[in-house]
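Please consult the sequence and the coordinates shown below alongside the text.

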Amino acid sequence: MSNAAAWQSLEAAPSLWRATANDLRSLPVLHGDKQADVAIIGAGYTGLSAAHHLAKSGLNPIVIEANQPGWGASGRNGGVITAKFRLPFPAIAAAHGKAMARRMYEIAHEATDIVAELVEAFDIADAALTRSGQVKAAHNQETLNYAVREAEWLRSELGDTTMSVLDADQVREETGSAGFVGGVLNAGSGGIHPLNYLRGLANGLLDRGIYIYADTPALGLRREGDGILVETPQGTVRARQAIVATNSYSDLTAATAYYRTTLIPFRSAIIATDPLSPNLAASVMPTRRTYTETKRMMRWFRMVDDRVVFGGRGAFGKKDSPAAFRALHKAMVGIFPQLADVPLAYRWSGLVAMTLDSVPHVGRADDRVLFAMGYNGAGVAMASLMGRYLAAYARGETPDVGLLDAARMRHVPFYPLREPAVRMVAGWYQFLDAIGR
Ligand SMILES: Cc1cc2nc3c(=O)[nH]c(=O)nc-3n(C[C@H](O)[C@H](O)[C@H](O)COP(=O)(O)OP(=O)(O)OC[C@H]3O[C@@H](n4cnc5c(N)ncnc54)[C@H](O)[C@@H]3O)c2cc1C
């Protein structure tokens, strides 16, 4: 098959996750008028984890989802689990002091721990959760020095014991690629089958008697009496409080328009190869961890059942583009030349939600509406954790969420210009990466 034909035939292919996921039980559309303590909008990790933690507190949640649970980023992501924010901990300490950096470090680790807790509580064996560690592989000496300084800072200032520095030979043994000058191993990271995790949560909530309505978009969110009324095409939910858990898909309807302008959506894309032959499989990422590069337009990779799964920046704008997938393929072959002739089986993409301060935000929009979003491309663990904090806010508590406090969230100035601005900045970063800077 020619390359062009191969790209075209992949156009309609589902993601690797959808092709290999367990079934989700069939869910009703919401009809009629329902009552709940908390109405949750969006059935990704944020919404489902919030539902779980609310129910554990004795509150009655109802979840409504515009599509099917996991339709958003929670069913499309890379399944890489890391205890970090886009904003590095030393930068947090420099700007906000060491106590804040320590609190953020605790939150990041609480997030990776909660994934394991939820997988166990919901008995989701086929989430295939591993804590096998992550290698950050440096493409030049400057970025290696930076990564090493960060690891040393974490050890000396926060007592971190999970990071170790690798030389070029060790990174070659770890990755099977000669393209890196060294790296840092973070033993606390891991990987998961993201959609099995999501569907395991959804099925488990249904088993616990929690209502999840699919194909039920929130069209309006109105204050009514001492509560809130959520309007959907064929019914309503009246609740004391609502949780908005729509993250990078907050522009699906006008009901969540307020949140849209706090986020800069950025398309992230993934390709997955056919299963490799045993010899080839043994030569690529033999330590079976997850891996990232230090380039500005960061790419990441992992092995899943003897397939290479490789991700990075996707197309600009609303749709996938063959060119973005081709660029990913080229980058993969640049790192692993032995994969040049291996066919791709899957390619897909989704939107990540960046924020102006590079951290997510959680808390109250007003006395009746709560939200958590803005995971900056690292939300598998963090969104799972935000469900716990959202439940705490709904109970009237004020958890210490450090820099994630909703009060710190800013709206994007000149919002209509965000797309050309993202394109311009990304183009500059790509140029710097291309010349090895
Ligand atoms: C391609 C890709 C790769 C990624 N890789 C990683 C990774 O490896 N590791 C990592 O940690 N993070 C990764 N992420 C980020 C991570 O997936 C997200 O941060 C996380 O899934 C966010 O979860 P969520 O529940 O907040 O949002 P989502 O999972 O996006 O859920 C939001 C839901 O809200 C629904 N919705 C929207 N509007 C309405 C409405 N009006 N009414 C009802 N429902 C509505 C949507 O249909 C959607 O299902 C990746 C993201 C993408 C797109």
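## Basis of the model

Which residue has a backbone N or O atom 3.0 Å from an oxygen atom of the ligand? That residue is Tyr45.

The model is predicted: local features require pLDDT of at least 70 and side-chain atom pairs count only at pLDDT 80 or more, whereas totals for chains, interfaces and linings use all residues. Residues are numbered from 1 along each chain as its sequence is written, and side-chain values use heavy atoms, with hydrogens and water left out.

## Ligand surroundings

A polar backbone atom of Ala66 is 3.0 Å from a ligand nitrogen, and a backbone N or O atom of Gly377 lies 3.2 Å from a nitrogen atom of the ligand. The ligand exposes 1000 Å² when taken alone, and 98% of that is buried by the protein; accessible areas come from the Shrake-Rupley method with a 1.4 Å probe, and for residues only the protein chains shown count as cover.

The shell around the ligand comprises 38 residues, the closest being Thr46, Glu65, Ser74, Val80 and Ala218; a residue belongs to it if one of its heavy atoms lies within 4 Å. By class, the shell has 19 nonpolar, 17 polar and two charged residues (Ala, Val, Leu, Ile, Met, Phe, Trp, Tyr, Cys and Pro count as nonpolar, Asp, Glu, Lys and Arg as charged, and the others, Gly among them, as polar). Helix 3 (45-56), strand 12 (264-273), strand 16 (344-354) and helix 12 (380-394) each supply at least two shell residues, and strand 16 gives the largest share, with three. Helices (H or I, at least four residues) and strands (E, at least two) are DSSP runs, numbered from the N terminus.

## Ser349 in strand 16

Ser349 lies in strand 16 and counts as buried because its relative accessibility is 7% (buried means under 20% relative accessible area, exposed over 50%, partly exposed in between, with a 1.4 Å probe and protein chains only). Its side chain forms a polar contact of 2.8 Å with that of Arg267. A polar contact is a pair of N or O atoms within 3.5 Å; within protein, one must be able to donate a hydrogen and the other to accept it, and residues adjacent in sequence count only if both atoms are side-chain atoms.

Leaving aside residues up to four places away in sequence, Ser349 touches Arg76, Arg267, Ser268, Ala269, Asp320 and Phe325, where contact means heavy atoms within 4.5 Å.

## Helix 4

Phe89, Ile92 and Ala93 are buried in helix 4 (residues 89-96). Viewed down the helix axis, the buried residues of helix 4 fall within an arc of 100°, so they line one face; the arc is that of the directions from the helix axis to the C-beta atoms. These buried residues pack against helix 5 (98-121) and helix 6 (141-158), while the face turned away from the buried side carries the exposed residues Ala94 and Ala95.

## Loop residues

Asn247 is not a glycine, yet it has a positive phi of about 40°. Asn247 lies in the loop between strand 11 (235-244) and helix 9 (257-260) and counts as buried at 14% relative accessibility.

Asp400 lies in the loop between helix 12 and helix 13 (418-434) and is partly exposed, at 47% relative accessible area. A polar atom of the Asp400 side chain is 3.1 Å from the backbone nitrogen of Gly402.
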